[in-house]
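Let's take a walk through this model together, from its core out to a few side-chain details.

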Amino acid sequence: MSSSDHISRQFDADLEAIRANVLQMGGLVESQIKSAIESLVSGDVGLMTRVIDDDHRVNALEVKIDESCSQVIARRQPAASDLRLVMAVIKTITDLERIGDEAEKIARMAKLLSQKQGLAIPRYHEIKHAAEIALDMLRKALDAFARLDVLMAAQVVRQDDQVDEEFRAIMRYLITFMMEDPRTISTSLEILFVAKAIERIGDHAKNMAEYVIYMVKGRDVRHIDVDEIDREIQQ
């Protein structure tokens, strides 16, 4: 095996290790969201605390992957599709870290809500439904990243409208709830913060899906509508 073949194989191994670490980080973040929502619904304070305490693991993975990307750029000087992969990874891990922050925020709000006594608390059915959509978006975005699947990435972009609509519905419901009983204003606002965190998770998953399209197609599809994205991926 020539020296250039060895370098090429090592480069491929470096990129594959980075991809694997991104998927590991994505799995951890997905688990954080699921646990945060479960703790909210069940009132499990121990689970809330675990979500908050585990946020440092997400942060550590972001730092690790970012350092790996910096080393690849410095040592390998990637070009074309390889460079797009590295740049997309750097952006993706930023979104994953922020999703982790939103999961921590949900757990903190859940703790506050668990301390409320004697007040009627709105149902969490709508919150759970919105979270399921956002989690599905995250799973699909990670799957699209693993498979370089632009069609699945486009599905994620379309789903973002569903999460936005769920958030608006929850907000309307909570406003009505507060108007009927002003004593619930504080509680309702905390639930609204949870709903907003879920909406932001959907936004970050959408961003990740757009990076997949950029990796595969070489086109930045941020800030363009879904129909134009569909036309782009079919070219």
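This is a predicted model: local features need pLDDT of at least 70, side-chain atom pairs count only at pLDDT 80 or more; totals for chains, interfaces and linings use all residues.

Residues are numbered from 1 along each chain as its sequence is written, and side-chain values use heavy atoms, with hydrogens and water left out.

**The core**

The largest nonpolar core has 72 residues. Such a core is a set of buried Ala, Val, Leu, Ile, Met, Phe, Trp, Tyr and Cys residues joined through side-chain atoms within 4.5 Å. Buried means under 20% relative accessible area, exposed means over 50%, and partly exposed lies in between (1.4 Å probe, protein chains only). Two or more residues each come from helix H1 (3–42), H2, helix H3 (55–76), H4, H5, H6, helix H7 (185–217) and helix H8 (226–233). H7 gives the most, with 14 residues. Helices here are DSSP runs (H or I, at least four residues), numbered from the N terminus.

Ile 33, Val 89, Leu 96, Ile 127 and Ile 198 have the most contacts inside this core. Leaving aside residues up to four places away in sequence, Leu 96 touches Val 22, Met 25, Gly 26, Val 29, Val 58, Leu 138, Leu 142 and Met 208; contact means heavy atoms within 4.5 Å. In soluble globular proteins, nonpolar side chains tend to be buried together.

**Helix H2**

Which residues of helix H2 (residues 45–53) are buried? They are Leu 47, Met 48, Val 51 and Ile 52. Because these residues cover an arc of only 140° around the axis, they lie on the same side of H2; the arc is that of the directions from the helix axis to the C-beta atoms.

Asp 44 caps the N-terminal end of H2, with a side-chain oxygen 3.1 Å from the backbone nitrogen of Gly 46. Thr 49, also in helix H2, is partly exposed at 26% relative accessible area. Its side chain makes a polar contact of 3.1 Å with that of Lys 111. A polar contact is a pair of N or O atoms within 3.5 Å; within protein, one must be able to donate a hydrogen and the other to accept it, and residues adjacent in sequence count only if both atoms are side-chain atoms.

**Rings and charges**

Ring centres within 6.5 Å make an aromatic pair for Phe, Tyr and Trp (its six-membered ring); planes under 30 degrees apart count as stacked, over 60 as edge-to-face and the rest as tilted. By this rule there is one aromatic pair. Tyr 173 and Phe 177 form it in a tilted arrangement, 6.3 Å centre to centre with 35° between the planes. Both lie in helix H6 (residues 150–180), four residues apart, about one turn of the helix. Tyr 173 is partly exposed at 26%, whereas Phe 177 is buried at 16%.

Two charges also sit over rings, with NZ of Lys or CZ of Arg within 6 Å of the ring centre and within 35 degrees of the ring normal.

| Charge | Ring | Distance to ring centre |
|---|---|---|
| Arg 19 | Phe 145 | 5.6 Å |
| Lys 196 | Phe 167 | 5.1 Å |

**Positive phi**

Most residues other than glycine have a negative phi. Ala 80 has a positive phi, near 50°; this residue lies in helix H4 (residues 80–114) and is exposed at 56%. Leu 148 has a positive phi near 55° and lies in the loop between helix H5 (125–147) and H6. Leu 148 is partly exposed, with a relative accessible area of 40%.
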